[in-house]
Amino acid sequence: MISPPRFPLWLLRKVAGPGIVDEIEGDLYEDFMDNIDEVGISKARRIYIATAFRSLRPYLLTYRKEHRKPKSKDMIHYQLKVAFRAFRKNASHTLINLLGLTLGLAGSLTIILFLIDDQIQDDFLQNKDRIFRVESISEKDGDVSRQVQMHSSLLPAIVEDVPEFEAYTRISSNTETIILGEEGNRRLLNQTFLAADPDFFKVFSFELVDGDRNSALTTHNTVIITTSAAQRIFGESNPIGQYIQMSDRSNTQLEIVGLMEDPPGNSSLQFDFVKPMSTVIGQNEKISFRGSFYLSVPVYVLLSQGSEANAVTEKILPALKAHTDNPRFVEISYSLNNFEALRYDTDVSDAIVATTDKRIINMFALVAILIIVLAVINYINLTSARAILRGREVGVRKVSGASRKSLINQFLLESLLICFVSLPLAILLMELALPWFEEIIGHQLFFDYHVSSSFLILLFLFIVLLGVISGLYPALLLSGFNFTAVLKGRLEHSKKGVLLRKVLVVFQFVFSIALLAGITLIQNQLSYVKQTTLQYNPDQVLILNGTFGQFRKNYQTIKNQIQQIPGVLQVSMAGQAPGDDFFGTATSPQFPFGYNRFIVDHDYLELFNISVKEGNSFDPNSDSTAAQVMVNETFANAMEEDVLYSSKYRFQGKNNSKIVGIVEDFHFQSLHNEVSPMVLVPVEALSWVSKVVIKLETTEFNQVISGLEKVWEESYPNQVLDYQFLDDRLDRQYRAEFRMAEVFRLFTVLAIVISCLGLLGLSTHTAQIKTKEISIRKVLGASVSQITRLLARQVYLLIGIAAIVASPLAYYFVDQWLQDFAYAINIKAGTFIGITGLCFLVAALTIGYQTIKTARANPVDTLRND
Amino acid sequence: MKGTFLGEFEEVVLLAVCVLEKEVYANPVRRKVEEHTNRKVNLSTIHSALYRMERKGFLTSQLGAADKRRGGKRKRYFNVSPYGLKALEEMRRVRESFWEIFPKTLLNSDLT
């Protein structure tokens, strides 16, 4: 068999593609055969080659393009086209969908970043799982109390006998003042100092840039500086070997022996300097449990690999008993608490590791999920409602042979498109909102999602999932319709999916109303807290913070000097100011209960409008004031006998004091605590005062503050003047609550906006579907208000149901939260009624315009078409 | 005239398609064209014209049987469409309308 040359044929096949090439090839072959008979084989070959080349003409390409089989690429192209047509046709609904998803995504993403931040807290620390804090639990008369501050000798005493302690460090954290510059041009700087044992860097794996991590913290009066502190103090010059001048009684100088990176933003330990423990405890420390005065500090240990915390705990007491038999130390139980658990442990705090309320974290996670669910519900509701209007389109496609799968693909594609358009918008929105959010939560977010590829990949997958979830229901609903019904146009009145849509709307409003009720009650509680704590105008009271017992020698002079400053109304010297904690509870065999001792002067009660219930206040002019005390009502009530004017108790010093008056109970610490029995000790008796409370008569703070600075400069040139307004101080006390409230307010608004968007979309849809019905009603004589009622009735019914479901839910959760407060508001039914009313109002505003527009439409315009 | 124009060569090919009674595919069409025009025509030119005219709607086509002589490939049979026929008649009408008024003198002198 003679065959024609191959190469031209191969080329022809390549160019023409399958299909047309067969015919041409056949014709050429036949011609070739004819030519062999007529002109001989070699000429036939030449002709064949020439013809084949000449056959490569442009029409082949056109033909190829038009006659190939449709590929999935074409299908997607087509579906995209249809999707965009649908978007454009329902522009307002597309916009609502897009807006809802964008808001929901932005809200959730913000919270997710916050949650990730919480997750990666301290993740730079090696051996995190082996770091433990030593704690003790003592039980007295059924009162269990946990201690996180240990006797400073505890670990040095037992560490030899417990080999599992690979390393330990005691840590104390303090704000201390550094003096910069020379005499005459000095500058004071407050910095956070950690004092720690040599093994600090073994326990906590911070990296040193310069200096030896093993020998650092071993030499007295040395210090390790962080890079940012070095930058602040020394600028660009090398800090190693330099000295910093401390502002303390002995004018200590610390030599800088090490430079370390700042603790990362996600570190629980934050500080500017680390110095050896000897600067706090003193050199040549001895292990001793004798003596009435001892230092208590938090202790962190690194357990050796594979050792069991509980087993190690067992060894502490036996080891300790070799050193002391003091029941204070040996008749309590010790425990080891893992470092990773510490930051959620809000029961106790050691001022080293900042704690977060785990419930708030969980709540945030819940809100993040619910916000995105709200947005998805919006999409599902609106799309499935709108999808019915596209019944005809779907029917036609079914008739032309579209499979159910391709219909489902169409709807999934549309929802994916919306999701992917909303993602960049959401990220943009989130970026805009982040500074605001960071201000509310009070710290910068550490996690940088831009550089985290795993986050971005997860986000991508999440969006795909979101698209599929939101598109699946409408897709299944619509593709499942019988196409004859679809083509006859009966779908608009189909009841399919209507119930589900109603349930989903109710769910949205349950969540919105519950959040709204929750936030309202939380706000009520917080303002109640502020009002009860304060019976005076808090922004006109200034608190000056001194160090412990700072004014014990010169309180009278300082008080007089401050009194002289123009604008100062009243001054009081006190041991603590509102918002402070007491230094523990005093106990005495004379009383069956513990009490707080509170050093005040006679001006204090007057300044804070605290009234004396019985007896008298302190008399500043009497010589016997030093032998007097006052008690609060709780104290008086706790005693079985009448204590007023009694002189048989001893409160301080060697002599008995006379109880000259009973004051009303006043809140002093945060409202989380109950008012405890309190004894007011006059400053004349015990002069360890460290606070100056200043009541101002003007709002001209500047002159008062410059006056204060002058007084301060004269008396305490080496100390930073530390003052704050009382309301700031009190706000700080409830900072966690205020922040939580702020964040919840934000997300409540977001939730309501998203829900209302959904409502708006649905009401528009209902109005469109019912246009004809309404027109006919109008023709038959229905009034605009009747029509409006008809349209709005359903929405109100749904919100009503939602309110009924939401109120007990909100009640339950807020009630739980209020358990934390010793003094809490009563939850009133009125709040829920008010909120429900508000929701009705918001809903009315949302659907109002559309409803009235529909109700007022001229029937002629709508009925004319039929 | 319509947007699609029937070229001179196309007209010839189309006429060939009309004249042939059966087995109207590229090779016989070519033979017919060569026979009537007395010139060599490449097969690829015929292909090009046929497919082009199909696109223009002058021709319809269907696939025929395969043949051993063609290497087992199928033939594409072409048929003139009513539109193609109309185009041919239109062509002829235009020409004849010119011939009718053709100056006889020119014709005579040409003949002599």
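Before we go on, a word on the model: it is predicted, so local features need pLDDT of at least 70 and side-chain atom pairs count only at pLDDT 80 or more, while totals for chains, interfaces and linings use all residues. Residues are numbered from 1 along each chain as its sequence is written, chains are lettered from A and ligands numbered from 1 in the order in which they are written, and side-chain values use heavy atoms, with hydrogens and water left out.

Let us stay with the two chains. The contact (heavy atoms within 4.5 Å) takes 23 residues from chain A and 22 residues from chain B. Seven salt bridges are counted between chain A and chain B; each is a side-chain nitrogen of Lys or Arg within 4 Å of a carboxyl oxygen of Asp or Glu. One of them links K73(B) with E25(A), where the closest N and O atoms are 3.7 Å apart. Three elements of chain A give two or more residues to the side that touches chain B: α2 (20–39), α3 (41–54) and α4 (58–67). Helices are DSSP runs of H or I with at least four residues, strands are runs of E with at least two, and both are numbered from the N terminus. The most comes from α2(A), with 14 residues.

Now turn to a sheet within chain A. Its four strands form an open, antiparallel sheet in the order β15-β21-β14-β22; two strands pair if DSSP finds at least two bridges between them. Because β15 (568–574) and β22 (723–725) of chain A stand at the edges with a single partner strand each, one side of each is left without a neighbour in the sheet. Six bridges join β15(A) to the antiparallel strand β21 (residues 691–696) of chain A, and M573(A) has V692(A) in β21(A) as its bridge partner.

Another open sheet in chain A has five strands in the order β16-β20-β18-β19-β17, with mixed pairing. Its edge strands, each pairing on one side only, are β16 (596–600) and β17 (612–615) of chain A. Within this sheet, M630(A) stands opposite L680(A) in β20(A).
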